[in-house]
Amino acid sequence: MRVLVVEDEQRVAEALRTGLNAEGWAVDVLGDGHEALWQAEHTEYAAILLDIMLPGLNGYRVCARLRAAQNWTPIIMLTAKDGEYDEADALDAGADDYVTKPFSYVVLLARLRTAVRRRAVARPPLLHAGGLVLDPAQRTCSRAGQDITLTGKEFAVLELLARSKGQVVSKQQLLDGGWDFAAEPDANLVEVHVSSLRRKIDAPCGRRSIRTVRGYGYQLVPEGTADE
Ligand code: CA
């Protein structure tokens, strides 16, 4: 999943990037309100972590403008206890949640997962797709009770396929959802990860869960009988 971190304090921003990367998130970091608004309007994010005091445009304005434009990406505001504004203002501006700086990283991660899960009506804690069970909070995957060990990126690709509920997902969508722009990803990366996923989730039990749609992308099929 891909998250946008909007924070002009570089130390805080880099700590968030490092920590979230380690949890398998793709992280884009921006420090300016106007740039953040543009980026959020042009890229699909699973969530946005939004500081309030920002150069250009403050966090409340960024949040309010996104909501006014019918953009419902979950937003968690990063508020400061001694700030001019408070948590109620954050929620009034259309944020889904807030954490107060200095925040507990564990709490922030939990809030982030919750915000992503709540985004739509059908965001269950566990994803069932293609005969697999995925737990995004624990980043675990299993088939018929057998745990399957996946890397962070393999899990990210599989989660995006699982969340699309049987729809075909383009390679570009997988790149956009699984990699941040610092990674300079290309389509080969997606192919490499899909190949390794197939070796792990399908080969051991003779199934073919991930169908290739030539020249376009991939689809997670329910019965694991995909034809190439
Ligand atoms: Ca700030």
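## Terms and model

Buried here means under 20% relative accessible area, with exposed over 50% and partly exposed in between (1.4 Å probe, protein chains only). Helices (H or I, at least four residues) and strands (E, at least two) are DSSP runs, numbered from the N terminus.

The model is predicted, so local features need pLDDT of at least 70 and side-chain atom pairs count only at pLDDT 80 or more, while totals for chains, interfaces and linings use all residues. Residues are numbered from 1 along each chain as its sequence is written, and side-chain values use heavy atoms, leaving out hydrogens and water.

Two strands pair if DSSP finds at least two bridges between them. Strand β1 (residues 2-6) pairs with β3 in the parallel sense over four bridges, and leucine 4 stands opposite isoleucine 48. β3 also pairs in the parallel sense with β4 (residues 75-80), over four bridges; there, isoleucine 75 is the bridge partner of isoleucine 48.

## Helix α6

Now have a look at α6 (residues 152-163), whose twelve residues reach 16 Å from the first C-alpha to the last, close to the 16 Å expected at 1.5 Å a residue (1.5 Å times one less than the number of residues). Nine of the twelve residues are buried, among them Phe155, Val157 and Leu161, along with Glu154 and Glu159. After α6 comes lysine 165, with a positive phi near 50 degrees.
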